[in-house]
Amino acid sequence: KGPELHACIQPVAFGRWFCRQHFKLVAKAIADYGYALTSTTTGNVAGAAFVKRLGFEKTTERDGLTIYKKG
């Protein structure tokens with residue numbers, strides 16, 4: 001919704017599900033809103049590594065979530 005993008009990945013799909021179409025969703029959010037947001041549960045090492053590989057940067061932590069922004 002809006003600039004927010006979220007996904008839940010089953011462990012069996014780690015490293016295999018993200019494709020060019022998904023990059024387009026991130027680019028569209030940035031084009032439409034000037035940025036894209038996502039979040040992980042604070043302490044989720046795999047989730048944090050994933051969003052950082054996509055170019056998101058940590059902005060804040062609140063209520064057990066770490067918020068990331070790109071764009």
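Two strands are taken to pair if DSSP finds at least two bridges between them. Helices (H or I, at least four residues) and strands (E, at least two) are DSSP runs, numbered from the N terminus. The structure is a predicted model, in which local features need pLDDT of at least 70 and side-chain atom pairs count only at pLDDT 80 or more, whereas totals for chains, interfaces and linings use all residues. Residues are numbered from 1 along each chain as its sequence is written, and side-chain values use heavy atoms, with hydrogens and water left out.

The protein contains two helices and three strands, which follow the pattern α-β-α-β-β along the sequence. Of its 71 residues, 21% are buried, where buried denotes under 20% relative accessible area, exposed over 50%, and partly exposed the range in between (1.4 Å probe, protein chains only). Among contacts with a separation of 6 or more, 53% are between residues 24 or more positions apart; a contact requires heavy atoms within 4.5 Å.

The three strands form an open sheet in the order β1-β3-β2, with antiparallel pairing. The edge strands, β1 and β2, each pair on one side only. On average, neighbouring strands of this sheet are turned by 25° against each other, direction ignored. Strand β1 (residues 36–41) is joined to strand β3 (residues 65–70) by six bridges in the antiparallel sense, and T40 stands opposite T66 of β3. Strand β2 (residues 57–62) pairs with β3 over five bridges, likewise antiparallel. Within this second pairing, E57 has K69 of β3 as its bridge partner, and R62 stands opposite L65 of β3. In general, strands of a sheet pair through backbone hydrogen bonds, either parallel or antiparallel.

A hairpin is formed by β2 and β3, with two residues between them. D63 is located in the loop between these strands and adopts a positive phi near 50°, although the residue is not glycine. Most residues other than glycine have a negative phi. D63 counts as exposed because its relative accessibility is 78%.

Helix α2 (residues 45–53) has G47, A48, F50 and V51 as buried residues. These residues lie on the same side of α2 because they cover an arc of only 160° around the axis, the arc being that of the directions from the helix axis to the C-beta atoms. On the other side of α2, V45 and R53 are exposed. The buried residues of α2 pack against β1 and β3. At the N-terminal end, α2 is capped by N44, a side-chain oxygen of which lies 3.3 Å from the backbone nitrogen of A46. A polar contact is a pair of N or O atoms within 3.5 Å; within protein, one must be able to donate a hydrogen and the other to accept it, and residues adjacent in sequence count only if both atoms are side-chain atoms. Just after α2, G55 takes a positive phi of about 100°.

The largest nonpolar core consists of nine residues, namely V26, A29, A36, A48, F50, V51, L54, F56 and Y68. A nonpolar core is a set of buried Ala, Val, Leu, Ile, Met, Phe, Trp, Tyr and Cys residues joined through side-chain atoms within 4.5 Å. Both α1 (20–33) and α2 supply at least two residues of this core, with α2 giving the most, three residues. In soluble globular proteins, nonpolar side chains tend to be buried together.

Y68, a residue of β3, counts as buried because its relative accessibility is 3%. Leaving aside neighbours within four places in sequence, Y68 is in contact with A36, L37, T38, S39, T40, A48, V51, K52, F56, E57, K58 and T59. With the same exclusion, the contacts of A36 include V26, A29, F56 and Y68. T40, located in β1, is buried, since its relative accessible area is 8%. Not counting residues up to four places away in sequence, T40 touches G47, A48, V51, G64, L65, T66 and Y68. T40 and Y68 are 28 residues apart in sequence, with a C-alpha to C-alpha separation of 8.2 Å in space.

Methods: Axes fitted to C-alpha atoms, helices over the stretch in contact; angles between N-to-C directions.
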